[in-house]
Amino acid sequence: MFFSTAIRGLKGVFAPAALAFAATMAFGAEVALAEKIENPVAVFSGLDKITGRIISFDVYINETVQFGALQVTPRACYTRPATEAPQTDAFVEVDEITLNREVMRIFTGWMFADSPGLHAIEHPVYDIWLLDCKQNSDVAPPDNR
């Protein structure tokens, strides 16, 4: 009863999707979700607005790397299997080192590689965004330095 009432209220393009969802819910079918792949390395790009230079850099999970006055620390970095639509996201903390040498948190949250404008760091001097997550890096892991 609920599903038929809800579907009648929808018009146009959304009705087929709502009907498919209602059928799935009514028959108890499970929706298959792609597994997330945990990666030990996050790849970022950073723009120095003063010089106009863009630099890509790798950061290991739970390692902090400084880009200008910003410190970037990824806490998690996920991709999807190659058979699925690409979706790369990372949970990141970004701190700014002020002129008084104080550390100020300016960002904590998820960044999405396919939408860099959505959750990128936009600082007056620096911009940072997520490019990718990967299993290894040319940079030695923190334990091997």
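Student: Hi! Is Trp-110 buried, exposed or partly exposed?
Tutor: At 33% relative accessibility, Trp-110 counts as partly exposed (buried is under 20% relative accessible area, exposed over 50%, partly exposed in between, with a 1.4 Å probe and protein chains only). Phe-91, at 23%, also counts as partly exposed.

Student: And what sort of model is this?
Tutor: A predicted one: local features need pLDDT of at least 70 and side-chain atom pairs count only at pLDDT 80 or more, while totals for chains, interfaces and linings use all residues. Residues are numbered from 1 along each chain as its sequence is written, and side-chain values use heavy atoms, leaving out hydrogens and water.

Student: OK, how many aromatic pairs are there?
Tutor: Five. Rings of Phe, Tyr and Trp (its six-membered ring) pair if their centres lie within 6.5 Å; planes under 30 degrees apart are stacked, over 60 edge-to-face, the rest tilted. One of the pairs is Phe-67 with Tyr-126, with centres 5.4 Å apart and planes at 70°, so it is edge-to-face.

Student: Which strands do those two sit in?
Tutor: Phe-67 is in strand 4 (residues 65-67) and Tyr-126 in strand 9 (residues 126-134), so the pair ties together parts 59 residues apart in sequence. Strands are DSSP runs of E, at least two residues, numbered from the N terminus. Both Phe-67 and Tyr-126 are buried.

Student: Back to Phe-91 and Trp-110: how are their rings arranged?
Tutor: Their centres are 5.3 Å apart and their planes at 70°, so that pair is edge-to-face.

Student: Which residues do ring pairs link into a cluster?
Tutor: Phe-44, Phe-57, Phe-67 and Tyr-126.

Methods:
Helix = DSSP H or I, 4+ residues; strand = E, 2+ residues; numbered from the N terminus.
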